[in-house]
Amino acid sequence: MSQAFVRESEEQWLHEVSPTLGALIVHLTRENNGIRVYERKMTMNAAGKEVHEMSNGLSYTRDENGRWMVA
């Protein structure tokens, strides 16, 4: 079995990731070719939701259904 085939079957969309910070870190690290992604800081947005600034340069929050999205 080729590695490309295995990798394709492991693909997961951001909104499919469990709504925990640990799951987000695992997902982002996998997407970053195994280079660890970590939380730089957490703030609250105007709507009162947590916004997690990550070491990959993007910020993430959860939507009203608890799914991860880029802030």
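Trainee: In this predicted model, is arginine 62 buried, partly exposed or exposed?

Mentor: The relative accessibility of arginine 62 is 23%. Buried would require a value under 20% and exposed a value over 50%.

Trainee: Which residue meets the side chain of arginine 62 in a salt bridge?

Mentor: The pair links distant parts of the chain, with arginine 62 in strand β3 and its partner in strand β2, twelve residues apart. The distance from N to O is 3.7 Å, and a salt bridge asks for a nitrogen within 4 Å of a carboxyl oxygen. The partner, which at 31% relative accessibility is likewise classed as partly exposed, is glutamate 50.

Trainee: How many salt bridges does the count come to, and which residue pairs with arginine 67?

Mentor: By the distance rule the count comes to two salt bridges, and one of them joins arginine 62 to glutamate 50. For arginine 67, which is partly exposed at 37%, the closest N and O atoms of the pair are 3.2 Å apart. Its partner has a relative accessibility of 14% and therefore counts as buried; that partner is aspartate 63.

Trainee: In what order do the strands of the open sheet lie?

Mentor: The edge strands, each pairing on one side only, are β1 (39-44) and β4 (68-70). Strands β2 (residues 50-54) and β3 (residues 59-62) pair in the antiparallel sense over two bridges, and within this pairing glutamate 53 has serine 59 as its bridge partner. Neighbouring strands of the sheet are turned by 30° against each other on average, direction ignored. The order of the four strands is β1-β2-β3-β4.

Trainee: Which helix lies across these strands?

Mentor: The helix in question covers residues 21-31 and lies across β1, β2, β3 and β4.

Trainee: Which side chain is joined to that of histidine 52 by a polar contact?

Mentor: Histidine 52 lies in strand β2 and, because its relative accessibility is 4%, counts as buried. Leaving out residues up to four places away in sequence, the residues it touches include Leu21, Tyr60, Arg62 and Trp68. The polar contact has a length of 2.6 Å, and the side chain at its other end belongs to glutamate 39.

Trainee: Which backbone nitrogen lies 3.1 Å from a polar atom of the threonine 29 side chain?

Mentor: Threonine 29 lies in helix α2 and is buried, with a relative accessible area of 16%. A polar atom of its side chain lies 2.8 Å from the backbone oxygen of isoleucine 25. Beyond its neighbours within four places in sequence, threonine 29 is in contact with Gly34, Ile35, Arg36 and Val37. The nitrogen asked for belongs to valine 37.

Trainee: How far apart in space are threonine 20 and tryptophan 68?

Mentor: Threonine 20 lies in the loop between α1 (3-9) and α2, where it is partly exposed with a relative accessible area of 41%. A polar atom of its side chain lies 3.2 Å from the backbone nitrogen of alanine 23. Threonine 20 and tryptophan 68 are 48 residues apart in sequence, while their separation in space, C-alpha to C-alpha, is 9.0 Å.

Definitions and conventions:
Residues are numbered from 1 along each chain as its sequence is written. This is a predicted model: local features need pLDDT of at least 70, side-chain atom pairs count only at pLDDT 80 or more; totals for chains, interfaces and linings use all residues. Side-chain values use heavy atoms; hydrogens and water are left out. Two strands pair if DSSP finds at least two bridges between them. Axes are lines fitted to C-alpha atoms, for helices over the stretch in contact, and angles run from 0 to 180 degrees between N-to-C directions. Contact means heavy atoms within 4.5 Å. Buried means under 20% relative accessible area, exposed over 50%, partly exposed in between (1.4 Å probe, protein chains only). A polar contact is a pair of N or O atoms within 3.5 Å; within protein, one must be able to donate a hydrogen and the other to accept it, and residues adjacent in sequence count only if both atoms are side-chain atoms.
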